[in-house]
Amino acid sequence: MKGSPLSAARLTVARLLGAAAGWASRATGRGEGETLPGVLILRLAPDALARLSANRSTTLISGTNGKSTTTALIVTALGRPTTTNPLGANVASGVVTALAASSQRTTVLEVDELSLRRIASDTRAHLIVAMNLTRDQLDRAGEVGRIERDWHRTFAESGAHVIANAADPLVVSAVGDAPATWVDPGWSWPGDSMVCPACTELLTRVEGRWFCTCGLHQPTANYRVEGTTLVLPDGSRLPIEVPLPGRVNVANMAFAVATVAHHGVSAQDALARCANVREVSGRYSTIEVGGRPALLMLAKNPAGWAAALDMLRPDDAVVFSVNAQLLDGADTSWLWDVSFEEFGGRVVGAHGHNRHDLALRLEVAGADPRVDADIDAVARQLPKADRLVVLATYTSFRELRRRR
Amino acid sequence: MTTIDIVHVLPGLLGTYGDAGNVAVLAHRARQRGYAVRILDVHPGDPVPAHADVYLIGGGEDVAQVRAVELLRADDGLSIAVAVGAPVLAVCAGMQIMGEWFQDRTGQRIEGLGILDLRTTRRQIRAVGDVVARIVGLPGEVAEHDLIGFENHQGATELGDGILPLAQVRVGIGNGAGSAVEGVVAGTVIGTYLHGPVLALNPALADHLLTSVLGPLEPLPDGHVREFRRARARRAGVTFE
């Protein structure tokens, strides 16, 4: 990449300082090792993102839900060394940290929806995975419609090929005329797409496909999920047997297969390589709670919670853990867009800094919440069950995953 | 058994911020006192019932709000309900829609329902954060009560001379049109910018709405709500009841 020797030198110094800071952060257990180096590097060398992206083949994955899991599946399916950000630091600082840490040419990065435009531009990504757009941390994001418009500019400007969700009207509208491979994940959360993003008419849904009188419609999919079967572009069908639970992870695997096809990896190889993925950065891992093993799940917003609740069984013992820190979103109104009514009559655990917000929600939903700041105390109040599940928002999940 | 009919106006369009919770809370509090509840969701194309007991309208995103007001303008159920004195709670976009006009995100003026004497322009900066406000616009049990909630809006709502704000702001922005007031009270219509949901965080306001329909009510224990309010107040930097 062209540039002055001075800016190249500045970047070298910045990387050294960044590496030292990352080491110090990890050594002192401060946990910012994934972002601090990037913050420092960018301060010293503002063009670092573009410079560090030179001579790479970059794939970006973004969307409200499923980024981390799909990124991990893509990396596993590629079966080769990659530069990636597995701990989910997905704004510019996290991306720069990951780029500075590895010179592997194949680069696969998860990117926050609000940062996609800048990062797509600076990295000159040639492949972008657009998974879904629904309400999440609206105190930070403002409106989902705004993200759709930002994405639309991104795809129009970048020239990247988009692996895109055909079942999500906001994604389809954002992609516009950009070159795309369409994936139909087999289901969607329609709460933020009642109205056409292009013309404001109400969308119609017929037999699982959506369309608008203005012409915007669900495109014919190249890859389609039917139950746990993936239908490929040539019409052939493969079973998706990933150990990760739930239909949402079948969908994530479909996106991964469609993406690695652009890297020359066959669907069969992709699925075979992912056959042993049982957890992703703590998601679906087993932790210890109240003296017993518990399945730990992460969910952050109504669409994600709908998918997670779908994975629970009627005889599970369940603890919900809700925080409203900066990274969770400061407002918990979204709890009332989650169908806790299905827990009517059941004893459930309410944990987390915002356990009282949650307890009220559960009570109004007809459930019987047991509330405590100590998750072991909460778990001990639950009925005996074959399986204990803990479903937590982001910052609570981050703490809980250390309990192994 | 007495049944209370709660109308939920366009929940699919005006429900982005969890305001469906207001309906759930109202229904729950009525049932706890032994009343039966019928929730009537008004979807696009449905007429708004003119003679229900209480009406709830939530907040939504820009494009959905424009679609919602177009649908409601074609129907007079809500106007009739207000004219015959039914209590209405309108949150955020719901409140803006009930006014004379509001500006959409491109700055264009969109005609409202003309039920409330207020107008909404677009603020430069989004108003987002905890709100604590003392009720000034309502009498009785709920007068001087501290409302607590979370605002997230880009509207600046100016009230006409003849109508009162709902509350005086202690923390936060509120209506955002120059003075530190929040919401509106006009007859039996209450408007507010507060999410939370507002009735979840402020059971006194929920009971104010229910009392106007059902008469005096037995108090509820509300243990979780007290802790919820206390924690939010702490976060907002105030202490109260």
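This is a predicted model: local features need pLDDT of at least 70, side-chain atom pairs count only at pLDDT 80 or more; totals for chains, interfaces and linings use all residues.
1. Local features here need pLDDT of at least 70, side-chain atom pairs count only at pLDDT 80 or more, and totals for chains, interfaces and linings use all residues. Residues are numbered from 1 along each chain as written, chains are lettered from A and ligands numbered from 1 in the order written, and side-chain values use heavy atoms, without hydrogens and water.

2. Helices (H or I, at least four residues) and strands (E, at least two) are DSSP runs, numbered from the N terminus. Helix H13 (residues 355-364) of chain A and helix H7 (residues 223-236) of chain B have axes that come within 8 Å and cross at roughly 150°. Axes are lines fitted to C-alpha atoms, for helices over the stretch in contact, and angles run from 0 to 180 degrees between N-to-C directions. H13(A) and H7(B) are therefore roughly antiparallel (an angle over 145 degrees).

3. Contact means heavy atoms within 4.5 Å. H13(A) contributes His356(A), Asp357(A), Ala359(A), Leu360(A) and Glu363(A), while H7(B) contributes His224(B), Val225(B), Glu227(B), Phe228(B) and Arg232(B).

4. In chain A, six strands form an open sheet with mixed pairing, in the order E12-E13-E17-E14-E15-E16. Two strands pair if DSSP finds at least two bridges between them. Strands E12 (285-289) and E16 (368-371) of chain A are at the edges with a single partner strand each, so one side of each has no neighbour in the sheet. From one strand to the next, the twist averages 35°.

5. Strands E14 (residues 317-321) and E15 (residues 347-351) of chain A pair in the parallel sense over three bridges. Opposite Phe320(A) stands Ala350(A) in E15(A).

Methods
Angles under 35 degrees count as roughly parallel, over 145 as roughly antiparallel, 65 to 115 as roughly perpendicular and the rest as oblique.
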